[in-house]
Amino acid sequence: MLFFWPILIISILVVILFVVVHRLIVNRATMILRKNAQDVTQKAVNTALSGLLGYQFNLSAEIVADVWGKGVLAFEFHFKPKELNVDLTNISPEILDKALADYANKNNIKAVNKKQSAFKVTDWWTYTQVLHIDVAYVINQPTLEYISDLKRLDK
């Protein structure tokens, strides 16, 4: 009985230490994946928009809300077209999707599902003269499920 309590306390501390270290490693890996995905998506969107609109874009991406899950690689871009003298009459989410698919093909960027492009425009809206574009980088299952969930919400 003399050894029971110290062994129990040490066992509990080892389990707690394991959980904390595991969580730190997983969070770090997630942050590295997210940063890499953000950089790739930024380059793709800026290149596609520059080609479509004839203006050299340098937009930065912000992660879409974590409410969808940690593994979702979806990013929001926004800008004021009037301030950049950009005409959006000849562009749509479908046209940007096509340009992103061309970019992915040219740069050999593959999606998790071979039936679709590595990038998908998931939302497009204007609020207070700011155009917001959400783009998913479809290289993992959580992002694929996110797109599927959005399609179900639209119905």
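Tyrosine 137 is buried, because its relative accessibility is 8% and buried means under 20% relative accessible area, exposed over 50%, and partly exposed in between, with a 1.4 Å probe and protein chains only. Tyrosine 137 is placed in strand E4; helices (H or I, at least four residues) and strands (E, at least two) are DSSP runs, numbered from the N terminus. Before going further, I note that this is a predicted model, in which local features need pLDDT of at least 70 and side-chain atom pairs count only at pLDDT 80 or more, while totals for chains, interfaces and linings use all residues. Residues are numbered from 1 along each chain as its sequence is written, and side-chain values use heavy atoms, with hydrogens and water left out.

Which residues does tyrosine 137 contact, leaving aside its neighbours within four places in sequence? They are Ala37, Val40, Thr41, Leu73, Phe75, Ile109, Ala118, Phe119 and Thr143, where contact means heavy atoms within 4.5 Å. Tyrosine 137 and glutamine 38 are 99 residues apart in sequence, and their C-alpha atoms are 8.4 Å apart in space.

That brings us to glutamine 38, a residue of helix H1. Glutamine 38 counts as buried because its relative accessible area is 19%. With neighbours up to four places away in sequence set aside, glutamine 38 is in contact with Ala61, Glu62 and Phe75.

Further along, glutamine 42 also belongs to H1, which spans residues 4-53. Its relative accessible area is 18%, so glutamine 42 is buried.

Let me turn to the interior. In soluble globular proteins, nonpolar side chains tend to be buried together. A nonpolar core, as the term is used here, is a set of buried Ala, Val, Leu, Ile, Met, Phe, Trp, Tyr and Cys residues joined through side-chain atoms within 4.5 Å. The largest such core in this model has 38 residues, and those with the most contacts inside it are Leu49, Leu100, Phe119, Ile133, Val135, Tyr137 and Tyr146. Two or more residues come from each of H1, strand E2 (74-79), helix H2 (93-106), strand E3 (119-127), strand E4 (130-137) and helix H3 (141-154). The greatest contribution is that of H1, with six residues.

Isoleucine 133 is one of the residues with the most contacts inside this core. Apart from neighbours within four places in sequence, isoleucine 133 contacts Leu49, Phe75, Glu76, Phe77, Phe79, Leu96, Val121, Asp123 and Trp124.

Now to the packing of two helices. How do H1 and H2 cross? Their axes come within 9 Å and cross at roughly 120 degrees; axes are lines fitted to C-alpha atoms, for helices over the stretch in contact, and angles run from 0 to 180 degrees between N-to-C directions. H1 is therefore oblique to H2, since angles under 35 degrees count as roughly parallel, over 145 as roughly antiparallel, 65 to 115 as roughly perpendicular and the rest as oblique. On the H1 side, the contact is made by Lys43, Ala44, Val45, Thr47, Ala48, Leu49 and Leu52, and on the H2 side by Ile95, Leu96, Ala99, Leu100 and Tyr103. By class, the contact has ten nonpolar, one polar and one charged residues; Ala, Val, Leu, Ile, Met, Phe, Trp, Tyr, Cys and Pro count as nonpolar, Asp, Glu, Lys and Arg as charged, and the others, Gly among them, as polar.

Elsewhere on H1, leucine 33 is partly exposed, with a relative accessible area of 35%. Outside four places in sequence, leucine 33 touches Leu73, Ile139 and Asn140. Arginine 23, also in helix H1, is exposed at 58% relative accessible area.

Finally, two loop residues deserve attention. Asparagine 108, in the loop between H2 and E3, has a positive phi of about 55 degrees although it is not a glycine. Asparagine 108 is exposed, with a relative accessible area of 55%. Glutamine 129, in the loop between E3 and E4, has a positive phi of about 60 degrees and is likewise not a glycine. Its relative accessibility is 53%, so glutamine 129 counts as exposed.
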